[in-house]
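I set out to record, entry by entry, what I looked up in this structure.

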Amino acid sequence: MDARTAGRRMTELLGLSTMPVAVTFASTAPAGVPRVARSAPAGCAYWKQAALGATFYTEAADHYNCPIGSYTHGVALPAARATELEGVVGTMVGLQYIRMEEVAALPRRTDPFRVAVYAPLAEAPVPPDVVLVRGRARQIMLVAEAARAAGLAGDAAAMGRPACAMIPAVLAGPGGGVTSLGCIGNRVYTGMGDDELYFTIPGGQVGLVVERLEAVVHANRELEKYHEARRVSL
């Protein structure tokens, strides 16, 4: 199953209210894809734009407003912005939100950042490197089960802050999916609900995951009937 078909089918099967997002890191912008109209306050805000139907690319400068996202995405910051990153990290440490030793251990892209392409998965102009699925706990449960059925490792602990670290975590991992609880910044910049979280899939595996999702959704419906009947009878 190709990525675009997978995007449409996943949205239907899970009843998602926001479309799965394709993210691709490339050396140059794809032909016919426009650059984002204005820089967002945070890199994860681009996820929201793509989930709502926009297709675009960003350059390094479009991520300067987000020092933490720039760090996880491997964006080289100019001196003034690098100072801001140090200040943000210092504030987080001072608030006991994160320990300094955790910062160096955060997943981070090591390849030079050129451009990042964002699009709804169903309209992806280039093959995705990473697919972001946002949904309620039950929806993420189903896609995580499908990923496991597809052979993707998925038993690691759910990731927390920062949410953007799940992208390099998937890129650097052994082909597994990643569950992320998000972070407070991500929830502010994306409008993510308190009952929502993420599951992130390696782009090359999304077709296989959605093929398994069909069976997983059906199985859960049948098992729900079984457990409901059993709950009443016992």
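The entries below follow the order of my reading.

**Basis.** I worked with a predicted model, in which local features need pLDDT of at least 70, side-chain atom pairs count only at pLDDT 80 or more, and totals for chains, interfaces and linings use all residues. Residues are numbered from 1 along each chain as its sequence is written, and side-chain values use heavy atoms, with hydrogens and water left out.

**Entry 1: strand β4.** I looked up strand β4 (residues 130-136) and noted that six of its seven residues are buried, so the strand is largely enclosed by the rest of the structure. Strands are DSSP runs of E with at least two residues, helices are runs of H or I with at least four, and both are numbered from the N terminus. Buried means under 20% relative accessible area, exposed over 50%, and partly exposed in between (1.4 Å probe, protein chains only). I then checked the pairing, which requires that DSSP finds at least two bridges between two strands. Strand β1 (residues 21-26) runs antiparallel to β4 and is joined to it by three bridges; A22 has V131 as its bridge partner in β4. Seven bridges join β4 to the antiparallel strand β6 (residues 196-202), where L197 stands opposite G135.

**Entry 2: Q139.** I found Q139 in helix α6 (residues 137-149). Is Q139 buried or exposed? I recorded Q139 as buried, at 5% relative accessibility. A polar atom of the Q139 side chain lies 2.9 Å from the backbone oxygen of L14.

**Entry 3: salt bridges.** I listed seven salt bridges in the structure; the term means a side-chain nitrogen of Lys or Arg within 4 Å of a carboxyl oxygen of Asp or Glu. One of them joins E12 and R9, with the closest N and O atoms 3.0 Å apart. These two residues are three apart in helix α1 (residues 3-14), which means that about one helical turn separates E12 and R9. E12 is exposed at 54% relative accessible area, whereas R9 is partly exposed at 28%. I also noted a network of salt bridges that links R9, E12 and E214.

Another salt bridge is formed by R35 and E59, at 3.2 Å between the closest N and O atoms. R35 lies in the loop between β1 and α2 (45-51) and E59 in strand β2 (residues 56-59), so the pair ties together parts that are 24 residues apart in sequence.

**Entry 4: surface.** Last, I looked up V188 in helix α8 (residues 184-190) and found V188 exposed, with a relative accessible area of 59%.

Terms used: Polar contact = N/O pair within 3.5 Å; in protein donor to acceptor, adjacent residues only side chain to side chain.
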